[in-house]
Amino acid sequence: MGKQATRITVNGKSHARVVEARLTLADFLRHELGLTGTHLGCEHGVCGACTVLVDGHTARSCLMFAVQANGSEVTTVEGLAADGELSVLQQAFMDNHGLQCGFCTPGMLITLTELLRDNAEPSEAEVREALTGNLCRCTGYAGIVKAALDAAQRLRGGTPSQPSPASGGGR
Amino acid sequence: MKPAPFDYHAPRHLKEAAELLATLPNVKILAGGQSLVPMMNFRYVIVDHLVDLGHVDDLRGIAVIDGRLRIGAMMRQRDLETSPEVARHCPLLAEALRHVGHRQTRNRGTIGGSLAHADPAAELPAVCAAYDAVLHLASIRGLRSVPFREFSLGFMTTALAPDEMIAAIELPIWRSGHGHGFHEFARRHGDFALAGAAALLDIGAGNVVRGAALAVFGVAEQPVRVDAAEAALTGKAIGSTAIQNAAAAAWLVEPISDIHAGGDYRRHLAQVLSVRALTDAARRAGVDG
Ligand code: FES
Ligand code: FES
């Protein structure tokens with residue numbers, strides 16, 4: 001039932017597959033393409049771990065069928081580091097303890113990549129609102145918010161904030 | 001957590017979509033998918049055919065026609081949130097949209113999908129209730145127009161026939177200078193509201209109310225217009241006492257109780273949030289206090 005020819009450009013590379021209509025975009029990325037950086041936490045649109053960019057806009061890839069993305073350009077977490085070099089945001093996550101187990105991180109990075117693209121100088125409140133669709137069970141969000149604000153500053157050409165010894169630690 | 005198998009259809013024209021809906025057995029419309037796909041993943045919903053309206057251009061677009069803002073049903077919530085037309089003509093809609101889910105779901109979710117899903121706690125049906133929106137429904141039998149009061153029939157129930165789709169939504173544009181207010185209470189930003197209120201006020205000389213609309217949502221099984229509050233405000237000078245007295249009518253809306261909140265608490269919220277929404281609307285219409 002329901003097989004469909006589908007072509008999706010992922011991180012700049014075009015992929016053609018014949019897939020079942022019920023295959024989610026998340027499973028297409030993970031199982032068909034082996035791009036397991038896109039995580040699945042809940043598969044019903046609550047946790048945000050599966051967030052990817054579809055034609056430049058964030059979307060939960062567990063709530064889209066691959067056939068809906070036919071002809072689209074998708075960016076996953078694997079597409080953020082150009083030539084193996086961490087993006088500014090990824091580096092800021094490292095420097096500010098923006099992750100612990102890392103399960104939520106791909107979704108966090110994609111969500112914040114969109115935010116920082118559209119808003120060069122987000123307030124802390126705006127960062128926190130942007131993150132309401134992404135759950136993290138480890139960090140308590142403080143390091144993630146700090147990383148986002150730090151990355152925004154670096155992208156504006158400011159100097160990276162010195163990671164203070166207290167940041168994200170103390171547990 | 002995987003949906004049951006189905007056949008996928010992606011029509012490009014309204015007519016083609018209407019024919020598919022009329023002929024395919026056990027068929028459902030896929031709009032933005034932000035409510036439907038979770039239900040399919042849980043297998044609460046099992047369909048044989050899915051008709052994706054995402055490629056039907058006739059269902060998109062936004063235009064001002066005869067004093068009404070006409071919005072294609074497949075307009076994404078995020079597009080409306082950032083639309084200058086919506087901000088200028090129907091600011092209540094713009095404000096409500098910021099509370100709808102999260103950026104990631106608003107990028108996909110559509111206004112038509114939200115109205116057809118008819119969750120009692122959803123923001124967009126409440127906005128349509130406040131504006132007395134008119135919905136244009138399409139099927140192989142043609143188009144028909146249904147006022148929102150007749151469209152919304154109860155808990156997740158609408159006047160849509162099984163083979164019908166929402167084509168467009170028309171919101172009457174209130175006089176420039178009118179005020180709007182929107183408040184909801186949710187446990188976390190982006191969660192479904194336990195209760196909320198949407199208000200519109202048109203205020204003339206001497207602070208006299210020329211027109212008032214108040215809708216509460218998340219309280220009953222569908223959004224409810226608080227007619228008694230509107231009647232109490234209209235034709236009289238507005239002020240904080242008038243707002244307090246009028247909003248008391250929200251207490252009369254018969255509430256639902258569930259695991260998220262009891263009926264009495266929802267009633268309390270409806271009243272408090274109505275005061276806040278009306279107060280914002282009055283302030284934006286140029287009246288303080
Ligand atoms: S896996 Fe998609 S939102 Fe949780
Ligand atoms: S780092 Fe573990 S869930 Fe966020």
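This is a predicted model: local features need pLDDT of at least 70, side-chain atom pairs count only at pLDDT 80 or more; totals for chains, interfaces and linings use all residues.
Y44(B) sits in the loop between α2 (36–41) and β3 (49–52) of chain B, helices (H or I, at least four residues) and strands (E, at least two) being DSSP runs numbered from the N terminus. Y44(B) counts as exposed because its relative accessibility is 63%, with exposed meaning over 50%, buried under 20% and partly exposed in between.

Let me turn to charges. Side chains of opposite charge can pair when their charged atoms come close. Over all chains there are 30 salt bridges, each being a side-chain nitrogen of Lys or Arg within 4 Å of a carboxyl oxygen of Asp or Glu. One of them joins E20(A) to R22(A) at 3.2 Å, N to O; E20(A) is partly exposed at 29%, and R22(A) is partly exposed at 24%. In chain B, D202(B) meets R210(B) at 3.7 Å, and D202(B) is buried, at 10% relative accessibility.

A note on conventions: residues are numbered from 1 along each chain as its sequence is written, and chains are lettered from A and ligands numbered from 1 in the order written. Local features need pLDDT of at least 70 and side-chain atom pairs 80 or more, while totals for chains, interfaces and linings use all residues, and side-chain values use heavy atoms, leaving out hydrogens and water.

Notes. Buried means under 20% relative accessible area, exposed over 50%, partly exposed in between (1.4 Å probe, protein chains only).
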